[in-house]
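Here is a short report on one chain. It covers a helix pair, model confidence and salt bridges.

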Amino acid sequence: MRLILLGPPGAGKGTQAQRLVEKHGIPQLSTGDMLRAAVKAGTEVGKRAKAVMDAGQLVSDEIVNQIVSERVDEPDCRKGFILDGYPRTVPQAEALTRILAGKGQGLDAVIELKVDESALLKRIENRVAETVAAGGQVRADDNPESFKKRLDEYREKTAPLSAYYAGTGELKTIDGMADMDTVTAEIENILGEAAARAS
Ligand code: AMP
């Protein structure tokens, strides 16, 4: 099962990906994690990516396409994978299509968690208020200003992927505002249908 989870920050992609990892025994491939590991290990890719990442910009398509292409060849991806944080732009999505086609593979599903952005912002504000009330430490990027910026970035660069995957006929959209178990059940339905189509 090869799939992409799409959705803005705070939509619950991480939680759902973790559940899929446990249930299906396929890895979650996060390009952010892979790049951080490359920086830590001091590889050539890491050296090239570090300054860009430190500046909060996107690493070049060439670099991320290359690391994803190599990563999906590893044995733990034989049964599939969940892409997280990649593709992040339409050119990356186009590259992914070519990369997988070159390996004789395709995607089984692209699942978008559709969420109401104003409700998301409220969710973050409540979480911050609760953390402060409990005397806890608030994450540096868990504040309404940073959250708005992350949403803007998503809207500008990543949201166009929905149209791209709608165009290829691969996009499935589900209500990300539903409770977590309902979202999980809907994802499983989509994966079940994709598996039935493939067999
Ligand atoms: P993340 O952990 O997904 O927030 O990613 C951390 C950083 O890694 C980002 O700010 C980018 O600099 C870089 N990065 C991760 N994934 C990508 C991607 N698909 N394309 C370009 N840069 C990426």
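## Helix 1 against helix 9

Helix 1 passes helix 9 in a right-handed crossing (the near helix is turned clockwise from the far one by less than a right angle). Helices here are DSSP runs of H or I with at least four residues, numbered from the N terminus. The model is predicted: local features need pLDDT of at least 70, side-chain atom pairs count only at pLDDT 80 or more, and totals for chains, interfaces and linings use all residues. Residues are numbered from 1 along each chain as its sequence is written, and side-chain values use heavy atoms, without hydrogens and water.

Contact means heavy atoms within 4.5 Å. Helix 1 contributes Thr-15, Gln-16, Arg-19, Leu-20, Lys-23 and His-24. Helix 9 contributes Met-180, Asp-181, Val-183, Thr-184, Ile-187, Glu-188 and Leu-191.

## Confidence

pLDDT is the predictor's confidence in each residue, from 0 to 100. The chain has a mean of 89, and 96% of its residues reach 70 or more. Among its elements, helix 5 (residues 90-102) has the highest mean, 97. Helix 7 (residues 144-158) has the lowest, 79.

## Salt bridges

The structure holds nine salt bridges (a side-chain nitrogen of Lys or Arg within 4 Å of a carboxyl oxygen of Asp or Glu). One joins Glu-62 and Arg-48 at 3.3 Å, N to O. This pair links distant parts of the chain, 14 residues apart. Glu-62 lies in helix 4 (residues 61-71), Arg-48 in helix 3 (residues 44-54).

Methods. Helix = DSSP H or I, 4+ residues; strand = E, 2+ residues; numbered from the N terminus.
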